[in-house]
Amino acid sequence: MTLRINSRGTQVVQLQRELKAAGFNPGSADGAFGNNTLKAVKAYQKRYGLAADGVVGPRTWNKLLTDGKKPAGASAVSRPSAAPGGKRVTGYVNGRARQITVAPVGNGKYMRSDAAASFNKMKAAARRAGVSLPMVSGFRTMAQQKSLYAAYRAGRGNLAARPGYSNHQGGLSADIGVGSYSSRAYKWLARNARQYGFVNDVRGEPWHWTYKR
Ligand SMILES: [Zn+2]
């Protein structure tokens with residue numbers, strides 16, 4: 001369902017919740033698409049390379065749903081079940097399946113346990129510096145990567161790696177809601193992430209950080 005300024009209802013509530021979970025501020029989740037929600041939508045679209053028109057159509061929904069929550073009736077790629085957490089899961093590294101252990105990193109997301117421990121330390125240090133590092137996408141199952149890849153191939157989503165070959169599938173990459181390269185959060189990461197083992201390793205994606213230890 002396409003939402004725009006002056007839209008109302010439960011879909012708008014869900015949009016506002018998704019924006020909040022991604023680190024944006026649409027105002028209260030009151031189901032009324034007003035100016036605060038419009039600003040948050042435009043900022044979100046700008047961050048993710050979508051047309052920043054403030055209209056929430058299939059592409060914007062698809063990106064919002066990257067974090068695994070599907071508003072009822074949204075016309076977007078169907079979402080697989082949530083990644084299992086705090087236990088052994090099947091991850092993929094360089095196309096090969098392997099069992100990995102994942103742990104929570106906030107916003108209902110997971111990373112491989114060692115990466116998660118380091119990420120959580122980094123997040124705490126950032127918070128002490130007044131910088132928030134909201135998690136937008138962490139570990140992805142094969143089903144999740146397949147649906148993102150299909151969306152990308154169909155021109156409906158951001159660049160996504162071939163299924164089996166995304167570092168998100170090894171639990172090693174984090175998409176962090178940092179805004180642009182000129183944001184305070186990005187600059188903090190550029191100065192500090194390396195000591196926690198994280199490197200910004202995809203050109204044009206200030207949000208994508210990979211654990212390289
Ligand atoms: Zn990523």
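**Entry 1: Lys109**

I looked up Lys109 and found this residue in strand E3 (residues 109-112). Strands (E, at least two residues) and helices (H or I, at least four) are DSSP runs, numbered from the N terminus. Is Lys109 buried or exposed? Lys109 counts as buried because its relative accessibility is 8%. I noted the cut-offs: buried means under 20% relative accessible area, exposed over 50%, and partly exposed in between (1.4 Å probe, protein chains only). I then checked the side chain of Lys109. One of its polar atoms lies 2.9 Å from the backbone oxygen of Asn107.

**Entry 2: what I am looking at**

This is a predicted model, in which local features need pLDDT of at least 70 and side-chain atom pairs count only at pLDDT 80 or more, while totals for chains, interfaces and linings use all residues. Residues are numbered from 1 along each chain as its sequence is written, and side-chain values use heavy atoms, with hydrogens and water left out.

**Entry 3: salt bridges**

I searched for salt bridges (a side-chain nitrogen of Lys or Arg within 4 Å of a carboxyl oxygen of Asp or Glu). How many salt bridges are there by this rule? The count comes to 3.

I took Arg112 and Asp114 to begin with. Their side chains meet in a salt bridge at 2.8 Å, N to O. Asp114 is partly exposed, with a relative accessible area of 34%.

Next I took Asp175 and Arg140. Their salt bridge is 3.2 Å, N to O. The pair links distant parts of the chain, 35 residues apart. Asp175 is in strand E5 (residues 173-176), and Arg140 is in the loop between strand E4 (135-137) and helix H5 (142-153). Asp175 is buried, with a relative accessible area of 4%. Arg140 also counts as buried, at 8% relative accessibility.

Then I took Lys212 and Asp201. Their closest N and O atoms are 3.4 Å apart, in a salt bridge. Lys212 lies in the segment after strand E7 (208-211) and Asp201 in the loop between strand E6 (198-199) and E7, so the pair ties together parts that are 11 residues apart in sequence. Asp201 counts as partly exposed, at 28% relative accessibility.

**Entry 4: Leu172**

I found Leu172 in the loop between H5 and E5. Leu172 is buried, with a relative accessible area of 13%. Which residues is Leu172 in contact with, leaving aside its neighbours within four places in sequence? I listed Met111, Arg112, Asn167, Phe198, Trp209, Thr210 and Tyr211. Contact means heavy atoms within 4.5 Å. I also checked Tyr186, 14 residues from Leu172 along the chain. The C-alpha atoms of these two residues are separated by 18 Å.

**Entry 5: two domains**

The domain assignment gives domain 1 (10-67) and domain 2 (88-211). Such bounds come from an automatic or database assignment. Over C-alpha atoms, 20 Å separate the two domain centres. I found 10 residues of domain 1 in contact with 17 residues of domain 2.

The area buried between the domains is about 1,200 Å², and carbon and sulfur atoms give 51% of this area. Buried area is the accessible area (1.4 Å probe) that two parts lose on being put together, summed over both. Helix H3 (residues 58-64) gives the most to the side of domain 1 that touches domain 2, with 3 residues.

I looked for salt bridges between domain 1 and domain 2 and counted 0.

Note on methods:
A polar contact is a pair of N or O atoms within 3.5 Å; within protein, one must be able to donate a hydrogen and the other to accept it, and residues adjacent in sequence count only if both atoms are side-chain atoms.
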